[in-house]
Amino acid sequence: MRQIIIFIVRNKNFLLFLLLFCFSLGITIHSHIFHRSTFINSANFISGGVYGTVTNISDYFSLKTYNNRLIDENIRLREELLKNGISEIDSTVTSSTDSTTNYVLHRAEVYKNSYKAPKNYLLINKGSHQGIKEDMGVITSGGIIGIVENTSANYAVVQSVLNTNSQINASLKNTNHFGTLSWNEKKDYRKVQLTDIPKQANIKIGDTIITGGMSSIFPKGILVGTVEKFTFNQSGNAYIIDVKLNNDMTNVGYVYIIENKDKNEIEQLLETTENE
Amino acid sequence: MNNAVLLQSVRFIVLVLLQVTLLNTINLSQYINPYLYILFIITFPISDKDNRLLFIFLSFLLGLSVDLFSDSGGAHAAASVLIGYLRKPYMRFSFGVSYQQQGQKIAQSPFSQRLIYISLMILTHHLTLFFIESFSFANMMYVIQKTLLSSILTLVLILFSISMFKKKQ
């Protein structure tokens, strides 16, 4: 017993170091395995408050960019209206079969954004009190941003598309072939990778990539980016496509969060089907 | 004594805030991100007689505070506690065994010795940090590239900060 105590006292520095180092590694491993329940994340009142103060100040420097983005989006929406003809914006057209009515958009401001780490996250200023839940899709006028991963009362952490854990269903706009969108940290933050598109698909550089609508997170047709380069995988039966993101991930500003009202129903249905 | 505690607390908070609000948002290249907050660990006044337990714990707390803001799990905490522990052997290696007796401060030591000590601390911290962040052996080259490029910028910032706050004799 005495020996043990002497050993502990003599090596107390090393033991404390070892304990804290293992604890840190533990948190990291925990956050990699159970990525839903990390207890050290930026959705808390301290970091939320600090980032909120900073954003309030830095917003003034980006006002022009945000305004231009809004005008661009308005122009696009107005053009769409004119194309469809004013007569169609009529209450009689909105029937119960219209699937787009199942989605509700919430707005939020980005308080923190990262794009240089292998696992990038955004912090937004809306949380469970404002109706934000896990697994909601996050977009801007320019396309997809990511998926809500953790929420606190007033903040939420969003897993960016620039995250090595990210897996999003995406498809080609022209041909409807779909694949999985992921990110390789060695490539830069302007590009994501689309895999599993079968080689039968006819791909050209510059083709548009949109979300596939195979999950209940994103509706079909949200812009992702354009094809920049493509190669084949090892077995040669599927493409590996470098997609240039339409969004500038380094400057996000304001985002929309998509709530799918039918999500519970869809998930329940899938669950019962699988159990049978 | 109280004055010193207050000074170190202020430095702790200022460095963490500076790191998470300003330095983490610099967009030079995807390879380059300076981590100035380890200046706290590099210049913390501590001698052999003092209790190193508190210092190791403070290093851990510093890293954990940065983690809290940057959604990086425990990567910063692990890297910081490692250099907190390795500080003593590194100081011995760079300043010689007799560094304690002379009671010198880092700002007054010869430049070459200072450079070796600071570079060792930065390289160890950055390599550990990027390696844990990456969480795999597959991207070894990328991690090393990132370590070297970021270390250069951190080194410049730390040397600049030390010379800026050097006390005039």
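This is a predicted model: local features need pLDDT of at least 70, side-chain atom pairs count only at pLDDT 80 or more; totals for chains, interfaces and linings use all residues.
Strands β4 and β5 of chain A form a hairpin, with four residues between them. Strand β4 covers residues 143-151 of chain A, and its pairing with β5(A) is antiparallel, over five bridges. To find one position in this pairing, look for A:I147, which stands opposite A:Q159 in β5(A).

Strand β5 of chain A, residues 156-163, has a further partner. Strand β2, residues 119-124 of chain A, is joined to β5(A) by five bridges, and these two strands run antiparallel. Here A:L122 stands opposite A:V158 in β5(A). How many of the residues of strand β5 of chain A are buried? The count is eight of eight, and the strand is thus mostly covered.

Let us turn to strand β12 of chain A, which comprises residues 254-260. Why is this strand described as largely enclosed by the rest of the structure? The reason is that five of its seven residues are buried. Two pairings of β12(A) deserve attention. In one, strand β1, residues 103-113 of chain A, runs antiparallel to β12(A), and seven bridges join the two. A:Y103 is found opposite A:N260 of β12(A) in the model. In the other, β3(A) pairs with β12(A), again in the antiparallel sense, over three bridges. The bridge partner of A:G137 in β12(A) is A:I258.

Chain A contains 12 strands and four helices. Its C-alpha trace spans about 90 × 50 × 45 Å along the principal axes. Of its 276 residues, 43% count as buried.

How is chain A divided into domains? The domain assignment gives domain 1 as residues 2-33, and domain 2 as residues 38-87 together with 104-260. The C-alpha centres of these two domains of chain A lie 40 Å apart.

A word on confidence is in order. The mean pLDDT of chain A is 85, and 92% of the residues in the chain reach 70 or more. Among the elements of chain A, which has the highest mean pLDDT, and which the lowest? Strand β3, residues 137-140, has the highest, at 93, while helix α4, residues 263-275, has the lowest, at 85. Over residues 93-97 of chain A, however, the pLDDT is below 50, and beyond near neighbours in sequence this stretch has two contacts in the model.

Residues 143-165 of chain B are 96% helix and 0% strand, and the end C-alpha atoms of the span are 32 Å apart. For residues 53-86 of chain B, the values are 88% helix and 0% strand, and here the end C-alpha atoms lie 13 Å apart.

Technical notes
Residues are numbered from 1 along each chain as its sequence is written. Chains are lettered from A and ligands numbered from 1 in the order in which they are written. Side-chain values use heavy atoms; hydrogens and water are left out. Domain bounds come from an automatic or database domain assignment. pLDDT is the predictor's confidence in each residue, from 0 to 100. Contact means heavy atoms within 4.5 Å. Buried means under 20% relative accessible area, exposed over 50%, partly exposed in between (1.4 Å probe, protein chains only). Two strands pair if DSSP finds at least two bridges between them.
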